[in-house]
Amino acid sequence: MNSKFKTLALALVALVISLGAKAQDAALIYGKLTTIDGDTYTGQIRWGKEEAYWTDLLNGTKEENDNYRYLSREDRDELRDRSRVRSSWGGFRVSWNSDDYRTTHEFQARFGDISKLEITRRSEVRLTMRNGETMYVDGGSNDFGSDIHVMDAELGKTTFRWSRVESVEFMDTPASFEKMGDVLYGTVEFYGGEYKGVIQWDHDERLSTDILDGDTRDGDVKIEFGNIASIEREGGGSQVVLKSGRDMYLRGSNDVNSENRGIIVTTEFGRVDIPWREFKKVTFSDAPANLPSYSSFANMKKLSGTVKTTDGKTLSGELIYDLDEEYGFEMLQGEDDNVKYIIPMENIRSIVPKNYEYSTVTMKNGTEVTIGEARDVSEDNDGVLVFTGSGDPTYVLWEDIEEITIN
């Protein structure tokens, strides 16, 4: 190959790599923050230290749930009695008034599902979702009260206390902008298999510029994740291999020992939280160009599907799952051998209750998991409303469900 063609080939390779990197950058949260004084800052956003991607979750508690109005007096009484039994065994919060039997439900939505967030009180926000619907959400997680970081194009990384923030308006991530770091992506091996996706190390480190801490035989080291090829659990520490080929054994830090809070992998179907005792190895790699961008969340739909009952009935229409989840963006949770799953309802094809504690969940990409130990997939579930046509919906108790299929 002559020098002219070689130069052209190298230029094309560089262009492809550059375009791929820009496509990956679209996965990073971007928007405009307005302070209580009316000042605005626009750029990449990092919520606390944990949330940096459109697929990351804002967690809270729903203030209201009007879906209980569809229940008959008989259904309400039975739900209240079941809730009392669950509460006596250390279950979730329940009102004891004879006319108020409603359980408290969590709120979880991806940042990509949100159009605007306005802080109304210290532990309350008003959310405008991508479909225009508004709702009030209370605290209950460290997402409320966290510092918010904005990589402003002129000022660089600026950190805002929660008390100084009036609102955050989310918007499409531009093709070119100042970044806090690159996407952290790879394959996580654990005793139950392996998952590939965006990595959240120790429930904390998210970007290539974040630091892995540990002690070597020669002293403490701090390594940017962007320089790491793999981390493998070994004994009371971890074997770390750098992209240069250099390797070292680290210990003495919760980044590399049993104090690690776990490794979260955001896969194509949802989030998988793997505890340290189940973790084996992570191998980092370049992120693909098709990671979800803000535009990926624009088509917000209500849940719909079919419920087959244990007595042979089939009901089809719009669904309200667990008397709570109405939209595809809302989450189903469960565990399998201490591995926690958080799955958007829109990614689920079917749910089959197996016993009092567990259900088999099949995703639209074919992945199947049997999970339990959470109200979404156990007898603690409040049941499903099916809107089969005009008029009031049909209410189906969880114990009467054979299978739910989601469109």
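The lining of the second largest pocket draws its largest share, four residues, from strand β12, where strands (E, at least two residues) and helices (H or I, at least four) are DSSP runs numbered from the N terminus. Both β12 (193-201) and β24 (339-344) supply at least two residues each to this lining, which comprises 29 residues, with Thr266, Thr267, Glu268, Phe269 and Pro292 lying nearest the centre of the pocket. The space in this pocket is about 540 Å³, a volume being the space filled by probe spheres set on grid points that are joined across faces, edges and corners. A pocket is here an open set of points on a 1 Å grid over the protein atoms alone, with protein on both sides within 12 Å along at least five of seven lines, whereas a cavity is a set where a 1.4 Å probe fits but cannot get out; lining residues have an atom within 4 Å of a point.

The model is predicted, with local features requiring pLDDT of at least 70 and side-chain atom pairs pLDDT 80 or more, while totals for chains, interfaces and linings use all residues. Residues are numbered from 1 along each chain as its sequence is written, and side-chain values use heavy atoms, with hydrogens and water left out. The mean pLDDT (the predictor's confidence in each residue, from 0 to 100) is 89, and 89% of the residues reach 70 or more. Over residues 9-20 pLDDT stays under 50, and the model has zero contacts beyond four places in sequence for this stretch, a contact meaning heavy atoms within 4.5 Å. Residues 87-99 also have pLDDT below 50, but this stretch has 21 contacts beyond near neighbours in sequence.

Aromatic pairs, counted for rings of Phe, Tyr and Trp (its six-membered ring) with centres within 6.5 Å, and classed as stacked under 30 degrees between planes, edge-to-face over 60 and tilted for the rest, number 20. The ring centres of Trp47 and Trp162 lie 6.1 Å apart with the planes at 80°, so this pair is edge-to-face. Trp47 belongs to strand β2 (residues 40-47) and Trp162 to the loop between β9 (156-160) and β10 (165-170), so that the pair links distant parts of the chain, 115 residues apart. Both Trp47 and Trp162 are buried, that is, under 20% relative accessible area, with exposed over 50% and partly exposed in between (1.4 Å probe, protein chains only). Ring pairs link Trp47 and Trp162 with Trp54, Phe111, Phe144, Phe170 and Tyr294 into a cluster.
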